Amino acid sequence: MDSVLFQAMAIELNQKLSRSRLDKVVQTGAGTLVLKLWTGQEKVQLLFKAEGKSSFYLTRESHSAPAKPPRICQLLRARLRNLLEVRAEPFDRIAHFSFLGPEGTRYDLVFEAFGPQGNLILIDQDGRIVDLLYRQENKRALMPGEIYELPQQQQRISLFNNLPEAANALRQAEQEGNLNLADVTPLSPALAEAISQARQAGQSFDAILMRIRDVFHAGTFSPQRLSWDGQVGLLPLSLGSQDSAAEEFSDLSLLIETDLAQATGESVKDLRSRLSAVISKQRKRLKKRLEHINAESERQADPERFRIIGDLLLTNLHLFKRGAASVEVEDYYQSPPIKVSIELDSKSTPQENVKRYFNLYRKAKRSGEHHARRLQDTKEEQEWLDQAELSLEEAVSGDDLYQVQLELETAGMLKQTKGQLGKRQSVRPEDQLYKTVTPDGWQLFWGKNSRTNDHVSRHMTGPQDLWFHSKGMPGAHLVLKCGDSVEKVSDEDLHYAASFAAGYSKGKDGGKVEVIVAQGKDVKKPKGARPGLVTVDSYHTVMVAPRRLED
């Protein structure tokens, strides 16, 4: 995010967010936080990205909160209430978000977007660091308890406040053949190109700078994505004389979010479509595999018949010789015995024909066991794929999609790829769980994908806890944490928990869903089974209407 966009974004956010209320804080990656705010008219999400290309903007992508918020999120939720003002340092990519906390305490949330790694720092009203995203003990110490000091800033000529000096600096750089070298701020390659084109159209530096100053002072931006000479840049305004192709956007946040998606080569929407295509392709493969297994099973459906034929031939060796195509014998396995005709290999001896049928018997018996194993494995894979498909439907954020992508990669259905999500820090399953409490206060936890379902069933469900899952369809694994007090769980609370298991299942849009209720001791994961697949030894079911958490 260049300095021009940074300054413009701070102004636009101040116009939109001043006096808004902070509702939630979500950490979606190691260096990415989302502040969910209520402006008095709408809910908005302010994203801080302090990893990779640091930036901040209002995101339109949904972000769900983990069951256990990270330390920095808990701190910000506890200390911050109302956003009063957003402002940027004039000579660096540093933005201040002034908040009012409990009992009127003031805090400053500072976003730094320079260097190889950005940072998010909470400062109290005495100027001391409360906590921060990345701690530093190098030349510029950034640690809790220390006084926050701005980095040493290079003094440059402001495009907004020193117009005559800025015009002279730009004029000198123009004479040297490169406006990017002008000692002014803020400046970016895109703005330098726009100024150059305005100059070629006959505009004076004074007129250009007055236009830039007026737009920034009023905050009346007209964002656009500018293309020139094989380069692409983002601009918060138009100078009215650009010859290059420009794509216009309604606001700066949409401009930045769209550009980030295009720069990584794949949007969240595109990724969702690609993952859906992978699941659909694998489903077709499983269907063909089942058809093949069933066809083979039908051909070798009665291995015992081959053994009986071998016995009959062995008993009647005296009735046929090499060269016979068939032999008629009495089938004494029938009651009463009947005459049957047995097909022979005319090139084989009687003993070789007997051996052939016994071999067919052993092969058919082995094949039957093999087909049964393949059938079971295929059905388990179908169940797992159904859950992956539901996880994809339920995904509301890029991180949710990333987890589905990881599952498909781990299963060998998808090669590791670079995309919209890029390289993200691994997320612990416990940080992705949904949670709530029943009317009587029992804690409920449930997963949103195979990995988190596996965590709920294997690591969070005690022997006496109650475990829930929609019957006969993919859905979340849900646990009601009651321990040895299962007899104290009321029917109301039991049905309440079951309603969430129904609400986060394939039947979430139905009227009533049948839900399995079991104790943890009866829920087991078979050895070698895929994540999220379990067996239930004993259970009862309840019929409930689906229920979901309110956003």
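1. Basis of the remarks. This is a predicted model, in which local features need pLDDT of at least 70 and side-chain atom pairs count only at pLDDT 80 or more, whereas totals for chains, interfaces and linings use all residues. Residues are numbered from 1 along each chain as its sequence is written, and side-chain values use heavy atoms, with hydrogens and water left out.

2. Overall dimensions. The radius of gyration of the protein chain is 35 Å, whereas a compact globule of 551 residues would have one near 24 Å. This radius is taken over C-alpha atoms, and the globule rule is 2.2 Å times the number of residues to the power 0.38. Along the principal axes, the C-alpha atoms fill a box of roughly 120 × 65 × 45 Å.

3. Secondary structure and contacts. The protein chain has twelve helices and 24 strands; these are DSSP runs, numbered from the N terminus, of H or I for helices (at least four residues) and E for strands (at least two). Of the contacts (heavy atoms within 4.5 Å) with a separation of 6 or more, 57% are between residues 24 or more positions apart.

4. Burial. Of the 551 residues, 49% are buried, where buried means under 20% relative accessible area, exposed over 50% and partly exposed in between, with a 1.4 Å probe and protein chains only.

5. Helix α12. This helix covers residues 491–503, and its 13 residues reach 18 Å from the first C-alpha to the last, close to the 18 Å expected at 1.5 Å a residue. The expected span is 1.5 Å times one less than the number of residues. Ten of the 13 residues in α12 are buried, including Asp 493, Tyr 496 and Phe 500.

6. Two individual residues. Is Leu 433 buried or exposed? Leu 433 lies in the loop between α10 (398–410) and β17 (434–437), and is buried, because its relative accessible area is 2%. Asp 454, in helix α11 (residues 450–460), is likewise buried, at 11%. Beyond its neighbours within four places in sequence, Asp 454 is in contact with His 459, Lys 525, Pro 531 and Gly 532.
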